[in-house]
Amino acid sequence: MRRIAFAVLALSLSLGASAQLYHGWWQGNLVRPDGQNIVFNFLVRDSAGKTVLYVRNASERLLVDDIRFAGDSVHIRMPFFEAGFRLQLQPDGRLTGQFVRRLAQGELVQPFFAVPRTTERFFLSNGPATVQAQGRYAVRFIGRNGATLDTAVGEFFQDGNHVTGTFLTPSGDDRYLEGVVTGDSLKVSTFDGNHSFVFAAAIDGNHALHGRVYSNIAPSGTWEGVWNPQAGLPDEASHLLNKDSSVLHFRFPDLDSSLVSIGDARFRGKVVVIQIMGSWCPNCMDETAFLAPWYKANRHRGVEIIGLAYERSTDFARSKRGVETFKNRFHATYPMLITGVTVGDPDKAAKTLPQLDAINAFPSTLFLDKHGRVRRITAGFEGPGTGEHYAEFQKDFNDYIDSLLAEKD
């Protein structure tokens, strides 16, 4: 993931037994000081007599099933990222309150309101679309001095006024983006409890994009995209393994505090996939959603997976809570180990995997052959929000594992 991800806290709210949320579609707004709110949609439903909601980002439906009521207050706890909402149900049916996120340094609080009975994400303020955003773009994010802060590939798919897409980066993707083209303007957004972005841009006569990006309560930034069907990304993983250091050595506690080593008998003579991850990381969420069922279906072939978690805190109990919730949500049966080193530690590679020059992307994935040698490293993850790229990833992953399994012992 290219930008800083926000990890967060689960909140307690009060709500009364008399409080009734409208069952149907809502428009949620994370309020920014400049009025450029982070907008997303969610669906409230009844499930076996329990109120749940689904956050919508394009084709994604993220289940949120921890909703509590007391009086006119509502507590909504997001399933990941230590995030939650403190809300009050208003007489007109709206929800108002705060979105709270727990970071390593404390809580970040952002005003929030939600309006029921609307499926709209953004209204057509400039009328129907007069231009097309469809296509692939070479994108750069620009600093105040005009220098390039970051590069990406933008891909957008347009059907009338409706637009979906994502940004691909060397270290992952921005997951599911959804929005509109209204007049000659593009506006797309995403929210999953950690990612919270709006990308707005004007589309000029040369099919180029010129706009701003808004995230949580941070100052807005500038970005531009040049239409280019051949736009690509550099490989950021090829140089990460130290020369002559292809065998890993590590030993970390699992969620039961039992030490697990890459040298343990269960991993010897097997192909092993090492997932460098964190429970705060949305791209890690997408990768785990793929790896968990894949492992169950393929473990019998002589493949193991180990997750190495780099959390926001060095506190084992706090890290365990986050990783355990994450692991259980995806029904992952492979071990996830607590490294005890934070994602923000500049020396995290040296402290945990000294065979690597750096850990620059979450997730990153290491492929070990039957002799325990690192044969391949990939940085980032192209998840289901990337469409055909996700299909290509799955084929490549399976083909490469097949090739390692086919090698002679």
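Analyst: The lining of the largest cavity is made up, by class, of 11 nonpolar residues, with no polar and no charged ones. This comes from a predicted model, and the cavity itself has a volume of about 80 Å³. It belongs to a structure that holds two cavities of 30 Å³ or more. The residues that line the largest cavity are Phe40, Phe42, Leu53, Val55, Ile76, Met78, Phe85, Leu87, Leu95, Phe112 and Phe191. If you follow the chain through this list, you will find that strand E2 (38-47), strand E3 (50-57) and strand E7 (83-89) each supply at least two residues of that lining.

In soluble globular proteins, nonpolar side chains tend to be buried together. Here the largest nonpolar core has 88 residues, and within it Phe85, Phe250 and Ile274 touch the most other members. Apart from this core lies another one of 19 residues, which includes Tyr137, Val163, Val188 and Trp223.

The peptide bond that runs from phenylalanine 362 to proline 363 is cis, with omega near 0 degrees.

Two further loop residues deserve a look for their backbone angles. Phenylalanine 81, in the loop between strand E6 (73-77) and E7, has a positive phi of about 75 degrees although it is not a glycine. Arginine 175, in the loop between strand E13 (172-173) and strand E14 (177-182), is likewise not a glycine, yet has a positive phi of about 60 degrees. Are these two residues buried or exposed? Phenylalanine 81 counts as buried because its relative accessible area is 4%, and arginine 175 is buried as well, with a value of 1%.

Lastly, there is one disulfide, formed by cysteine 281 and cysteine 284, whose sulfur atoms are 2.5 Å apart. The link between cysteine 281 and cysteine 284 is right-handed, with 80 degrees about the S-S bond. Cysteine 281 is buried, with a relative accessible area of 0%, and cysteine 284 is also buried at 0%.

Methods. Residues numbered from 1 in each chain as written. Predicted model: local features only at pLDDT ≥ 70, side-chain atom pairs only at ≥ 80, totals over all residues. Heavy atoms only, no water. Disulfide = S-S within 2.5 Å. Buried < 20%, exposed > 50% of the residue type's maximum accessible area, 1.4 Å probe, protein only. Core = buried A, V, L, I, M, F, W, Y, C linked by side-chain atoms within 4.5 Å. 1 Å grid on protein atoms, 1.4 Å probe; cavity = no way out; pocket = protein on both sides within 12 Å on 5 of 7 lines; lining within 4 Å. Points joined across faces, edges and corners; volume = space filled by probe spheres on them. Helix = DSSP H or I, 4+ residues; strand = E, 2+ residues; numbered from the N terminus. Nonpolar A, V, L, I, M, F, W, Y, C, P; charged D, E, K, R; others polar.
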